[in-house]
Amino acid sequence: MATKGMNKINRIRTFALSLVFIGIFVMYIGLFFDSSPIIMTITMILGFIFVIASSGVYFWIGMISTSTVKVECPNCGKITKVLGKVDVCMYCDEPLTMDPELEGKEFDPKYNRKSHNNT
Ligand SMILES: [Zn+2]
């Protein structure tokens, strides 16, 4: 897996994937408690919730993907997806902005917060 993970879509995707593994891991742990049906049931349910949550996150990615803007990265020339006002390139982590006012400024995730829009 690529180490580039600053891009928001990539980060959420990684988060969803790790939820699946956590869910499977929790269910796997539950198998060691076969002498205690209560703990086993709890771990199974917990693991199941993690897996369900991850599919929810994947669904959410699908929803927000429709609101992303495809731009050509000025650094590496590849087409990347930008989510929100400020994001980084999926391939080279080059900071990208959709707001001309922020152009040239140092990358800061707090530009994405709503309160910043009023300034
Ligand atoms: Zn790039």
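Me: In what order do the elements of the protein chain run from the N terminus on?
Reply: This is a predicted model, in which local features need pLDDT of at least 70, side-chain atom pairs count only at pLDDT 80 or more, and totals for chains, interfaces and linings use all residues. Residues are numbered from 1 along each chain as its sequence is written. The secondary structure comes to two helices and four strands, where helices (H or I, at least four residues) and strands (E, at least two) are DSSP runs numbered from the N terminus. From the N terminus on, the order is α-α-β-β-β-β.

Me: Which residues does UniProt list for "transmembrane region"?
Reply: The entry is unreviewed, and such annotations may be inferred rather than shown by experiment, with positions given in the numbering used here and feature names shortened. In the model, the chain over residues 12-32 is 90% helix and 0% strand, with end C-alpha atoms 31 Å apart. Over residues 38-61 the chain is 100% helix and 0% strand, and the end C-alpha atoms lie 35 Å apart. The UniProt record lists residues 12-32 and 38-61.

Me: Is H1 roughly parallel or roughly antiparallel to H2?
Reply: The axes of helix H1 (residues 8-30) and helix H2 (residues 37-65) come within 8 Å and cross at roughly 165°. Axes are lines fitted to C-alpha atoms, for helices over the stretch in contact, and angles run from 0 to 180 degrees between N-to-C directions. Angles under 35 degrees count as roughly parallel, over 145 as roughly antiparallel, 65 to 115 as roughly perpendicular and the rest as oblique. H1 is therefore, relative to H2, roughly antiparallel.

Me: How many nonpolar residues does the contact of H1 with H2 have?
Reply: Ala, Val, Leu, Ile, Met, Phe, Trp, Tyr, Cys and Pro count as nonpolar, Asp, Glu, Lys and Arg as charged, and the others, Gly among them, as polar. By these classes the contact of H1 with H2 has one charged residue and six polar ones, and its nonpolar residues number 22.

Me: Is Tyr28 buried or exposed?
Reply: Tyr28 lies in helix H1, and its C-alpha atom is 9.6 Å from that of Met40, twelve residues apart along the chain. A residue is buried if 20 or more other C-beta atoms lie within 10 Å of its own, exposed if 12 or fewer, and partly exposed in between, with C-beta atoms placed from the backbone. Because Tyr28 has 11 other C-beta atoms within 10 Å, Tyr28 is exposed.

Me: What separates the C-alpha atoms of Ile42 and Gly30?
Reply: Ile42 is found in helix H2 and counts as partly exposed, with 14 C-beta neighbours inside 10 Å. Ile42 and Gly30 are twelve residues apart along the chain, and their C-alpha atoms are separated by 8.0 Å.

Me: Which residue in E2 is the bridge partner of Val69?
Reply: Strand E1 (residues 69-72) and strand E2 (residues 79-82) run antiparallel and are joined by four bridges; two strands pair if DSSP finds at least two bridges between them. Their hairpin has six residues between the strands, where Gly77 takes a positive phi near 80°. The partner of Val69 in E2 is Val82.

Me: What is the C-alpha to C-alpha distance between Glu94 and Asn75?
Reply: Glu94 lies in the loop between E3 and E4 and is partly exposed, with 17 C-beta neighbours inside 10 Å. Glu94 and Asn75 are 19 residues apart in sequence, and C-alpha to C-alpha they are separated by 6.6 Å.
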